[in-house]
Amino acid sequence: MSDPLTAAVGLPTTSVPSRPATGFWRRALRHRSFVLGAALVCLVIGSALLSLVWTPWPAYEIDIASKLKPPSFSHWLGTDSFGRDIVSLLLVGARSTILVGIIAVGIGLTSGVCFGLLAAARKGWTEELIMRMSDFTFAFPAVLSAIMLAAVVGPGMLTSITAIGIFQIPIFVRVTRGSANAIWAREFVLAARASGKGGFRITIEHVLPNILSILIVQATIQFALAILAEAALSYLGLGTQPPQPSWGRMLNDAQTLLFQSPMLAVYPGAAIAVAVLGLNLLGDGLRDLLDPRLARER
Amino acid sequence: MGNPANAPLIDVDNLGVRLNTSRGPAQAVRGISFSLKRGETLGLVGESGCGKSVTALALMGLLPDNAVLGGSVRLDGRQLIKLSDADYCKLRGNRISMIFQEPMTALNPMHTIGQQVAEPLRRHKNYSAGQARTEAIALLDRVGLPDAAKRVDAYPHQFSGGQRQRVTIAMALACEPDLLIADEPTTALDVTIQGQILDLIADLVEERGMSMILISHDLGVIAENVERMMVMYGGTVVESGPTDEVFRRMGHPYTQGLFRARPRFGARKGTRLKTITGTVPELADLPSGCTFADRCPLVVDGCRAALPPVVEVGHGHGVRCIRTDVSMADRVGAVSA
């Protein structure tokens, strides 16, 4: 169906980008923050995977004789107060950090988004009930719900993950419901209803895609908060149990030695920062790439 | 379906809508009745807030849950008021469609226009993805979107306002509805585009034998595009009749005021536009009698006593006014619109 005139003159017939799928990776590879974010996230995931098969030193091996060593050829980043190798601890710690972040945010995101979308779609008493329930959950700090959970099922990583996840649900409920309500008020939703779509399809096809960018950004923020919350819970003895390392625990252990060996706090802190930064950049990039309005050449 | 050709397609009888607003219940629509046969066109004209759009949404079953509907709306004899939402979903976009005022916001920015036009076909007609896409391209081509086959995968932000309105028209017409409701379809568009879009709608309505309800605040748009018209004010129909007849012999002081208030071509420089004094009454506390009484130049005590009855002043031409003797005697005779 090509236009004979344009074909004859040899002009480019259209400047319209094609479907999102075909150009996605091409655009993704040119998106700077997406590439950088993906690289950092891969670095963290890679460390966790690597630790399953190899660490420079056994991560749990205590060697009091060589405690608090500065960086050297054998211990690249030195050792901690028990003489454990920092690099090995960071590699192994990446596992629990990733687990906590992904699972806790996963719990919060999936249930929070479902409840939030339901509240926005149904309105009325459903909305009231969901919002009051989330207020109720929100009123309990993560630490308190972790203590309650620990009292019932005992402390451990699972307990802290669940507690953090539950604490995140109301945050996602609120963000989702607020932005979903704004989308429901838009004219294209009315137009979609006028073309015969029901509440469920409108939610999936119209509301969710339009609030995705907000959710992505919120999820990366929550991921960072989950890592820090896990550190706090570990510090209280409610999270990962020693000797299993996590970045949060390493940070807390370093706190008492801040004046003797400040670098002990810097390493896990930097690791957390890298993970959070990577996720943030990745989320930012993903938002840009998924939004057709921003899909121009950058 | 299967009905004799002279039976009404849509029959609205004494439709009333009460909305619960923060200022208390508001009677947004009071006792509207009309019926349309297949292929007929009806215009609704009036100021903002007079109940035009609420009427349209009531026909579509799209009013908020707290709205209370009264009267009856029948499509091919089937009662639509109190129809379950699931059943209404099967009608919307299939037998009744709507075009909205704002083409800039009536399309979802996240989906291609092809997906959005194909969507009703897939749902109501069970087309396969390929069939629906082919049909969508044909529809976009029909509504005059240039290069439809290539642009079917483009996103709404890549189109101008006029082009987007063509896309929403294609969406509304996808399933060949029996009734098209166009709610101010050209208000948000440039004047130069308005005529083209209205011509397109008129062509399509004729070509497909649809009935149409055209909503506008623009008397010119109504005059040129519909066979019959209803003038609404404060939730009631104050005047209704065949378009030619109403324009020739306007009976209601409000219709006359609206007509005088339009800008005129060739008016002398410095001539001020006529206005209707006062403002539209709040729907939450309408006056008990004629809703126009407070702004009417011909008002007498009787106007405020009770809602005036409809007075038949010509063939199918009704005026809700007790002073038609004065208003129509006063009228400056035939006006060529």
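In this predicted model, Gln116(B) touches Leu107(B), Asn108(B), His111(B) and Met171(B), leaving aside residues up to four places away in sequence. Gln116(B) sits in helix α3 of chain B. Is Gln116(B) buried or exposed? With 26 other C-beta atoms within 10 Å, Gln116(B) is buried, because the cut-off for that label is 20 or more.

Not counting residues up to four places away in sequence, Ala170(B) touches Val117(B), Leu139(B), Leu140(B) and Val143(B). Ala170(B) also belongs to the largest nonpolar core, which has 159 residues. Within that core, Val117(B), Leu140(B), Ala170(B) and Ile181(B) are the members that touch the most other members. The biggest contribution to the core comes from chain A, where helix α4 (residues 86-122) gives 19 residues. On the chain B side, at least three residues of the core come from each of domain 1 (8-226) and domain 2 (233-263 + 273-330). As a bit of background, nonpolar side chains tend to be buried together in soluble globular proteins.

Now for chain B as a whole. Chain B has 12 helices and 12 strands. How does its radius of gyration sit with that of a compact globule? A compact globule of 337 residues would have a radius of gyration near 20 Å, and the 21 Å of chain B agrees with this. The C-alpha trace of chain B spans about 65 × 50 × 45 Å along its principal axes. Buried residues account for 46% of the 337 in chain B. Looking at contacts in chain B with a separation of 6 or more, 64% are between residues 24 or more positions apart.

Where they meet, 20 residues of domain 1 of chain B are in contact with 14 residues of domain 2 of chain B. On the domain 1 side of chain B, β2 (24-37) and α8 (219-225) each supply at least two residues. Of the elements on that side, β2(B) gives the most, with 8 residues. Sorted by class, the domain 1 side that touches domain 2 of chain B comes to 9 nonpolar, 8 polar and 3 charged residues.

Chain A is built along other lines. Its secondary structure comes to 11 helices and 0 strands, and reading along the sequence gives the pattern α-α-α-α-α-α-α-α-α-α-α. Chain A is more spread out than a compact globule, because its radius of gyration of 24 Å is well over the 19 Å that the globule rule gives for 298 residues. Along the principal axes, the C-alpha trace of chain A spans about 85 × 60 × 30 Å. Of the 298 residues in chain A, 41% are buried. Among the contacts in chain A between residues at least 6 apart in sequence, 69% join residues at least 24 apart.

An unreviewed UniProt entry places the feature "transmembrane region" at residues 34-54, 98-121, 211-237 and 257-283 of chain A. In the model, residues 34-54 of chain A are 95% helix and 0% strand, with end C-alpha atoms 29 Å apart. Residues 98-121 of chain A are 100% helix and 0% strand, and the end C-alpha atoms there are 33 Å apart. The unreviewed UniProt entry also places the feature "domain: ABC transmembrane type-1" at residues 94-283 of chain A. That span of chain A is 84% helix and 0% strand, and its end C-alpha atoms lie 20 Å apart.

That leaves the place where the two chains meet.

Technical notes:
Residues numbered from 1 in each chain as written. Chains lettered and ligands numbered in written order. Predicted model: local features only at pLDDT ≥ 70, side-chain atom pairs only at ≥ 80, totals over all residues. Core = buried A, V, L, I, M, F, W, Y, C linked by C-beta atoms within 7 Å. Buried ≥ 20, exposed ≤ 12 C-beta atoms within 10 Å, placed from the backbone. Helix = DSSP H or I, 4+ residues; strand = E, 2+ residues; numbered from the N terminus. Domains from an automatic or database assignment. Contact = placed C-beta atoms within 7 Å. UniProt positions renumbered as here; feature names shortened; annotations may be inferred. Nonpolar A, V, L, I, M, F, W, Y, C, P; charged D, E, K, R; others polar. Rg over C-alpha atoms; globule rule 2.2 N^0.38 Å.
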